[in-house]
Amino acid sequence: KLFRPFNVVVDFETGNLTPGKKITRYLSDIQHFFLDKEKVKAVLAKENPLVYEVIYAEVPEEPGHLAHCTTIIYPGKVGNEFFFTKGHLHEKLETAEIYFTLKGQGRLIMASPDGEECEVLEMFPGSASYIPPSWSHRSVNVGGEPLIFYCIFFADAGHDYATIDKTGFPKVVLERNGEVVVENNPNWKK
Ligand code: PA5
Ligand code: NI
């Protein structure tokens, strides 16, 4: 059958994408990744903050199609560690992705499958970050406003979250004396 062309509209200020399908991630969904376990517990005892939202254009998850979405990471920290996305590999490792930042300031942590190689790119309005095939990716909001970016990827790429659940990422992004710093993750497991 013939798939019909269609528009979605992206609001650069809010990250809203319409029509779209929204998913939400709360601190409880990503709590195991944070370094300071006591701080996580203390925050969750009071509230369960919304960390990020993803809004997908509805596209068939089939070869040849391009999936696209916006991600909105809210500003916040647990202790000195900035809010971030879960992060994943693509199930189809050979598929690349592009993140185009619309608003805010961030870092994009990427690692090779064995974790031996790790790169951290700056995300800022106008940055188009290329995530090559095979690299795991996680984005981090290092600013005081929402970090909003637009993503394009192969619709049949698939998300592998299980690997990251086990290993984490080799690097963490923290605030030290008002500065954004990238450090080795002491909890990273190869
Ligand atoms: O496809 C992507 O890489 C992004 O759209 C992410 O899915 C999005 O930023 C949310 O991150 P995650 O899927 O790791 O929770
Ligand atoms: Ni991806």
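Q: Is D36 buried, exposed or partly exposed?
A: The model is predicted: local features need pLDDT of at least 70, side-chain atom pairs count only at pLDDT 80 or more, totals for chains, interfaces and linings use all residues, and side-chain values use heavy atoms, with hydrogens and water left out. Residues are numbered from 1 along each chain as its sequence is written, while chains are lettered from A and ligands numbered from 1 in the order in which they are written. Buried means under 20% relative accessible area, exposed over 50% and partly exposed in between (1.4 Å probe, protein chains only). With a relative accessible area of 31%, D36 is therefore partly exposed.

Q: With which residue does the side chain of D36 form a salt bridge?
A: A salt bridge requires a side-chain nitrogen of Lys or Arg within 4 Å of a carboxyl oxygen of Asp or Glu. A search of the whole structure finds eight of them. For D36, the N to O distance is 4.0 Å, and the partner is itself partly exposed at 41%. That partner is K39.

Q: How many residues apart in sequence are the parts tied together by R107 and E122?
A: R107 and E122 form a salt bridge whose closest N and O atoms are 3.9 Å apart. R107 lies in strand 10 (residues 106–111) and E122 in strand 11 (residues 118–123), so the pair joins parts of the chain separated in sequence by 15 residues.

Q: What is the distance between the closest N and O atoms of R176 and E183?
A: Both residues are partly exposed, R176 at 38% and E183 at 26%. They form a salt bridge, and their closest N and O atoms are separated by 2.6 Å.

Q: Which protein residues are the donors of the nickel ion (ligand 2)?
A: Donors are N, O and S atoms within 2.8 Å of the metal (3.2 Å for Na, K and Ca); water is not among the atoms, so sites may look incomplete. Along the sequence, the donor residues follow the spacing H-x1-H-x6-E-x39-H. Lying 2.1 to 2.2 Å from the ion, they contribute NE2 atoms from the histidines and OE from the glutamate: H88, H90, E97 and H137.

Q: What is the relative accessibility of S136?
A: S136 lies in strand 13. Contact means heavy atoms within 4.5 Å, and beyond four places in sequence S136 touches H88, L89, I109, M110, A111, I164 and F169. S136 counts as buried because its relative accessibility is 4%.

Q: Is the ring pair of F33 and F84 stacked, edge-to-face or tilted?
A: Rings of Phe, Tyr and Trp (its six-membered ring) pair if their centres lie within 6.5 Å; planes under 30 degrees apart count as stacked, over 60 as edge-to-face and the rest as tilted. The structure holds four aromatic pairs. The centres of F33 and F84 are 6.4 Å apart and their planes stand at 70 degrees, so this pair is edge-to-face.

Q: Which residue has its charged end over the rings of F33 and F84?
A: F33 is buried at 10%, as is F84 at 3%. A charge sits over a ring if NZ of Lys or CZ of Arg is within 6 Å of the ring centre and within 35 degrees of the ring normal. The charged end in question is 4.5 Å from the centre of the F33 ring and 4.2 Å from that of F84. It belongs to R138.

Note on methods. Helix = DSSP H or I, 4+ residues; strand = E, 2+ residues; numbered from the N terminus.
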